[in-house]
Amino acid sequence: MLDNLTQRFGRVVKNLRGQAHLTEDNITDMLREVRMALLEADVALPVVKEFISRVKEKSLGQEVVGSLTPGQALVGVVQRELTELMGGASVALNLATQPPAIMLMVGLQGAGKTTTTAKLGKWLKERQKKKVLTVSCDVYRPAAIEQLKTVSAQAGIDFFPSSPDQKPADIAAAAIDYAKRHFYDALFIDTAGRLAIDTAMMTEIRDLHAQVKPIETLFIVDAMLGQDAVNTAKTFAEMLPLTGIILTKLDGDARGGAALSVRQITGKPIKFAGVGEKLDGLEEFHPERMASRILGMGDILSLVEEAQRNVDHDKAQAFAKKMKAGKGFDLNDFKEQIGQMKKMGGMAGLLDKLPAQLSRAAQQAGGAVNDKSMNRLEGIINSMTPAERAKPEIIKATRKRRIALGAGVQVQEVNRLLNQFEQTQKMMKQFSKGGMQKMMRGMKG
Ligand code: GDP
């Protein structure tokens, strides 16, 4: 996610941190780099200009020049300005005091409206224990209604049927009535998109908006479209009272122009970001954490939150106890950890949130670690006997062949797994000797 942008800003940060003194010259150099990074990210020119002038003004201020570590202080300025650019504080989803909270989902075709409807419904259900209903007012594409039905079922939320021969207004009225009678907390209304903005679509959505009076009117837009995404958002915002934006496909967006400028151009907050095709690929949008990720400093806060949500506390405690008792780390623990990692958004999601240096180190240590290879690792461990998992050192040639056959892999892969396991085991030993602190100290600067 945002790889190019992060790389460029990472370089700026690295250069700055090394500066013991700041001169007008190196501030100018830094500003030139930042300007290039933003333009390459496809951020609109007026936004870039304003950003640069704000950073410049603050760089020459006392806070930076008078600081003992001016480079560091300047990184702080850039981080704060990036955060401001993306809206400052995060803005939560609004739920009506009088349920159902009606959420109108609008946007162009292919933006990810239907997928996002299911994602957000799932999010509300799982994180906030809400009872959620969805309905499709897209009467132009029969497949759209079917699609919403399918993804709603996958998300574990309820779906209100509609059909292409109905009018959107009638569908919405029936769904609201049903949601009220069945005490739903939230009703998502998915609307028809078009390939481009047209008057008929806008009129229909405006009428629907006036009729259903949603608490949230969310504009769903594909982040990969860069400035086009921002321009479409601007047009929608001028015609409809949007309450928020959801940027989709941020996982595939290397440049980040939409994330950086849509807030500034539309004045509307980004509330969520789609970060994967799967239904749990949705994150709340926190400008501050995003700024930190862009600057290569990672997003440890989100990582910790995810860990807290996913880690089974009893298991974690049992694990810690075992380690303390000096009872080594075995293949059962290894498998457990692979499972935990998969739950936490998989490898790509994890690496995205680590500070750049750690992320690179993890990639180098693990070789080509990805979600597919994690599944294979699990498969290999599943083919082992309990005795082998508890005492991997008994796994010699004959056992290796049997395990490989059982898992449908080559013997080399079993060897590789045993190697990886050994590395992890070594790392675990270091952790328990306070190696983590040493590692962190080594990384600073
Ligand atoms: P709609 O026409 O606006 O309803 O769009 P869809 O919900 O059908 O989504 C269009 C395509 O985008 C589908 O293939 C989705 O799987 C994909 N998609 C949606 N959101 C994301 C996302 O956050 N990341 C990725 N990688 N793909 C997404």
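A residue is near a molecule or strand if its C-beta atom, placed from the backbone, lies within 6 Å of it. The structure is a predicted model, in which local features need pLDDT of at least 70 and side-chain atom pairs count only at pLDDT 80 or more, while totals for chains, interfaces and linings use all residues. Residues are numbered from 1 along each chain as its sequence is written.

**Figure 1. The shell around the ligand.** Around the ligand there are 18 residues, of which Gly-112, Lys-113, Thr-114, Thr-115 and Gly-274 come nearest. Helix α6 gives the most to this shell, with three residues. By class, the shell holds two nonpolar, twelve polar and four charged residues. Here Ala, Val, Leu, Ile, Met, Phe, Trp, Tyr, Cys and Pro count as nonpolar, Asp, Glu, Lys and Arg as charged, and the others, Gly among them, as polar.

**Figure 2. The open sheet.** Eight strands, in the order β3-β2-β4-β1-β5-β6-β7-β8, form an open sheet with mixed pairing. The edge strands, β3 (158-160) and β8 (282-284), each pair on one side only. From one strand to the next, the twist averages 25°. Helices (H or I, at least four residues) and strands (E, at least two) are DSSP runs, numbered from the N terminus; two strands pair if DSSP finds at least two bridges between them.

**Figure 3. Strand β5 and its partners.** Strands β1 (residues 101-106) and β5 (residues 216-222) run parallel and are joined by four bridges. The bridge partner of Met-103 in β5 is Glu-216, and that of Val-106 is Phe-219. Strand β5 also pairs with β6 in the parallel sense, over five bridges; in β6, Gly-244 is the bridge partner of Leu-218. In a regular strand the side chains alternate between the two faces of the sheet. On one side of β5, Glu-216, Leu-218, Ile-220 and Asp-222 are buried, as are Thr-217, Phe-219 and Val-221 on the other. A residue is buried if 20 or more other C-beta atoms lie within 10 Å of its own, exposed if 12 or fewer, and partly exposed in between, with C-beta atoms placed from the backbone.

**Figure 4. The loop at Gly-66.** Gly-66 is placed in the loop between α4 (62-65) and α5 (70-85). This residue counts as exposed because it has 9 C-beta neighbours inside 10 Å. The C-alpha atoms of Gly-66 and Ile-189 are separated by 54 Å, and the two residues are 123 residues apart along the chain.

Conventions: Axes fitted to C-alpha atoms, helices over the stretch in contact; angles between N-to-C directions.
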